[in-house]
Amino acid sequence: MSIVVTGATGQLGRLVVDALLAAAPAEATAPAGRIVAVVRDKEKAADLAERGVELRIADYSRPETLADAFEVGDRVLLISGSEVGRRVAQHAAVIDAAKAAGVAQLAYTGVLGGDDADFELAAEHKETERLILASGLPYTFLRNGWYSENYTANLAPVLAHGAVVSNAGEGRIASASRADYAAAAAAVLTGPAEEHLNKVYELSGDTAWSFAEYAAEVAARSGREVTYTPSPPRPTWRFSPAPASRAPSPRSWSTSTGPPSTARSPCGPAT
């Protein structure tokens, strides 16, 4: 049995592999020799191979390459693809390959809210969850909230213009860092399987923050004047998904983020 991480050279995938490798040998069920990275480019994953991670070369968009990506009994993390509009077909190819191989667990990084999510980004994630349910594979749904890095990575223009601009009004976001979501995925993959099979985890940060609070925190940390500038809301698109079997009622699991700050504060899943 191996623990297999797809998309392992992506931003989230690398952090999951790091978390698996960092697990203490006495506690982990997956020493380095049993961690597998599924990647498209062997060269980009050379550093993982040097750390003892097995590489399997496959591409979500080329189903024929996925035939050897998984083995019987593997515990697999399917990290959602980044090509919006193509992800359902890509994910379906991974699910089919995992089923054909007889994997023991298929964990999937979806989006917070599951079937109840009514924003555009959620549509492909909801359809992927339906496909996993229909496959009959033992699953774990990791419904990730927004990444703190979606905001902290954009600090340069914020500091340059002295403004945080958003159409969120007074809305609040409980974001978490990619590393926090990666730690949750690693825990699900290395913990006793019976505790996590056929479970749904709604993941977010512990503390919800507003953009006004974020602007104030950036100002405090940078020593510059930074204010929140609300912008007009954009139209909201809603989807009416076809009927499908619902997953069990979610059991919440919040990652730890602490109060808003320029390092771990100010929520978009995948990659």
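Colleague: How many residues does helix H7 have, and how far does H7 reach from its first C-alpha to its last?

Modeller: Helices are DSSP runs of H or I with at least four residues, strands are E runs of at least two, and both are numbered from the N terminus. The expected span of a helix is 1.5 Å times one less than its number of residues. Helix H7 (residues 178-190) has 13 residues and reaches 18 Å, close to the 18 Å expected. This is a predicted model, where local features need pLDDT of at least 70, side-chain atom pairs count only at pLDDT 80 or more, and totals for chains, interfaces and linings use all residues. Residues are numbered from 1 along each chain as its sequence is written, and side-chain values use heavy atoms, with hydrogens and water left out.

Colleague: How many residues of H7 are buried?

Modeller: Buried means under 20% relative accessible area, exposed over 50%, partly exposed in between, with a 1.4 Å probe and protein chains only. Ten of the 13 residues of H7 are buried, so the helix is mostly covered by the definition of buried. Among them are Arg178, Asp180, Tyr181 and Leu189. For the chain, 46% of 271 residues count as buried.

Colleague: Which residues touch the most other members of the largest nonpolar core?

Modeller: In soluble globular proteins, nonpolar side chains tend to be buried together. A nonpolar core is a set of buried Ala, Val, Leu, Ile, Met, Phe, Trp, Tyr and Cys residues joined through side-chain atoms within 4.5 Å. Here the largest has 52 residues, and Val5, Val16, Phe70, Leu77 and Leu142 touch the most other members. H7 gives the largest share of this core, seven residues. Apart from it lies another core, of 13 residues, among them Tyr151 and Ile173.

Colleague: What is Phe70 in contact with?

Modeller: Contact means heavy atoms within 4.5 Å. Leaving aside neighbours within four places in sequence, the contacts of Phe70 include Val4, Val38, Val94, Ala97, Ala98 and Ala101. Val94, Ala97, Ala98 and Ala101 are among the buried residues of H3.

Colleague: What covers the buried residues of H3?

Modeller: The cover includes strand E4 (75-78), strand E5 (105-111) and H4. Helix H3 (residues 87-101) has 15 residues and reaches 21 Å, close to the 21 Å expected. Just after H3, Gly102 takes a positive phi of about 80°.
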